[in-house]
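Please look through the sequence and the model below before reading on, and keep both at hand, since the text moves from one local detail to the whole chain and then to one of its sheets.

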Amino acid sequence: MTTIKEIAYESGYSPATVSRLLNNDPNLSITADTKNKILEIANKLGYWKDHQEKRIRPTIALLYRVNNKEQIQDEYFTSLKEALISTVEHESLKMKTYYNIDDLIEHADLFQGFIGVGADEIEQSKLETLHKVLPNGVFVDTNPAPELFDSIRPNLALTVKNAINLFIEKGLQSFGFIGGDGVKHDHIQERDIRAVAFSEYVRSLDKNTHPMFVNGPFSVDNGYKLGKEILKKCKDDLPEAFLVASDTLAVGVLQALNEENVIVPRDTQILSINNSNIVKYVSPPLSSYDIDQQEMVDMALRMLTSLIIRPDRPHIDVNMNTKLIVRKSFVPKG
């Protein structure tokens, strides 16, 4: 069994300092470099194998990758960030926020790990550099480099499949999808997973009537534009229901429909994803799949702690299921 004295000898620090760090003394004041070195020696000597019940309180960074223009209209990542900050404060952890990966790379030696939030474009070469200087990282909701870092994400493919099944169970013959562009990685535009899942699942069911309107950012303004496009193209042949990839898009779609006196759910039904705060207050209130952001944050912190004490373990990509919250815009059968 690895002892405190062995770690102290190898690291060059006093047994008292090592003990206070490994026992999470809240009054201990040491530099990030000292904490990093003690934890590195503890890992090397296998300390955590015999002390798996212990939790550490690492100093961490938040890499917040959100386009400021879109952030104004999409509260999803904002509320995810707020949930993380609140949890970090509650658990008496230290965290600093970085909005640029280059800044985090420059100050990587101040931290034992990082949490990544947001979907703004990031280059693979930057991620590889970050991994070299700060290998312990967990991305929440997205993961631009699953081969390098852990992640916890909502199971959006399963969510889409569930929504289509609910449409079919209700006897709807025509239903469509409204979404935005996927993330960019190394300047390559990827398809959004919700759009891919919708297209593939309806194809497997041999459902022919499934118009898709996918373009632009996940914002209220773009939802409004897509709503106008739908009304122009579908005219008097509006699908009986739409699955919308996010609440912000759905709010814009509702605005466009309301302007043309298209009444939801009488003329078409709307089912959305995210269950953000705003969906309770639009007309009609939106049925939406809830993504438990607090649970994602809690799991991300547990995964990060696990990485710090077991840096050689395989990387993990966890999918978390969503839960439908029913309101007036769509009511399932029965």
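Asn 274 is found in strand E11, and in this predicted model it has a positive phi of about 125 degrees although it is not a glycine. Most residues other than glycine have a negative phi, and most peptide bonds are trans. Is Asn 274 buried or exposed? With a relative accessible area of 11%, Asn 274 counts as buried, because the limit for that word is under 20%.

A positive phi of about 80 degrees, again without a glycine, occurs at Asp 141, whose place is in the loop between strand E4 (137-140) and strand E5 (150-154). Asp 141 has 15% relative accessibility and so counts as buried.

Two peptide bonds also deserve attention. The bond from Val 264 to Pro 265 is cis, with omega near 10 degrees, and Pro 265 sits in the loop between helix H11 (247-259) and E11. Another cis peptide bond joins Ser 283 and Pro 284, where omega is about -5 degrees; Pro 284 lies in the loop between E11 and E12.

With these details in mind, turn to the chain as a whole. Its secondary structure comes to 12 helices and 14 strands, and along its principal axes the C-alpha trace spans about 80 × 40 × 35 Å. Of the 334 residues in the chain, 50% are buried.

Strand E11, where the reading began with Asn 274, belongs to an open sheet of 6 strands, in the order E9-E6-E10-E11-E12-E14, with mixed pairing. Which strands form the edges of this sheet? They are strand E9 (212-214) and strand E14 (323-325), each of which pairs on one side only. Neighbouring strands of the sheet are turned by 20 degrees against each other on average, if direction is ignored.

Helix H8 (residues 156-169) packs on this sheet, where it touches E6, strand E10 (241-244), strand E11 (269-274), strand E12 (287-290) and E14. The direction of H8 makes about 170 degrees with that of E10. Helix H9 (residues 193-204) lies across E6, E9, E10 and E11, and it runs at about 160 degrees to E6.

Finally, follow strand E6 (residues 175-179), which pairs with E9 in the parallel sense over 3 bridges and with E10, also in the parallel sense, over 4 bridges. Within these pairings, Phe 177 stands opposite Met 212 in E9, while the bridge partner of Ile 178 in E10 is Val 244. How many of the residues of E6 are buried? The strand is mostly covered, with 5 of its 5 residues buried. In a regular strand the side chains alternate between the two faces of the sheet. In E6, Phe 175, Phe 177 and Gly 179 point one way, whereas Gly 176 and Ile 178 point the other way, and all of them are buried.

Definitions and conventions:
Residues numbered from 1 in each chain as written. Predicted model: local features only at pLDDT ≥ 70, side-chain atom pairs only at ≥ 80, totals over all residues. Heavy atoms only, no water. Pairing = 2+ DSSP bridges. Helix = DSSP H or I, 4+ residues; strand = E, 2+ residues; numbered from the N terminus. Axes fitted to C-alpha atoms, helices over the stretch in contact; angles between N-to-C directions. Contact = heavy atoms within 4.5 Å. Buried < 20%, exposed > 50% of the residue type's maximum accessible area, 1.4 Å probe, protein only.
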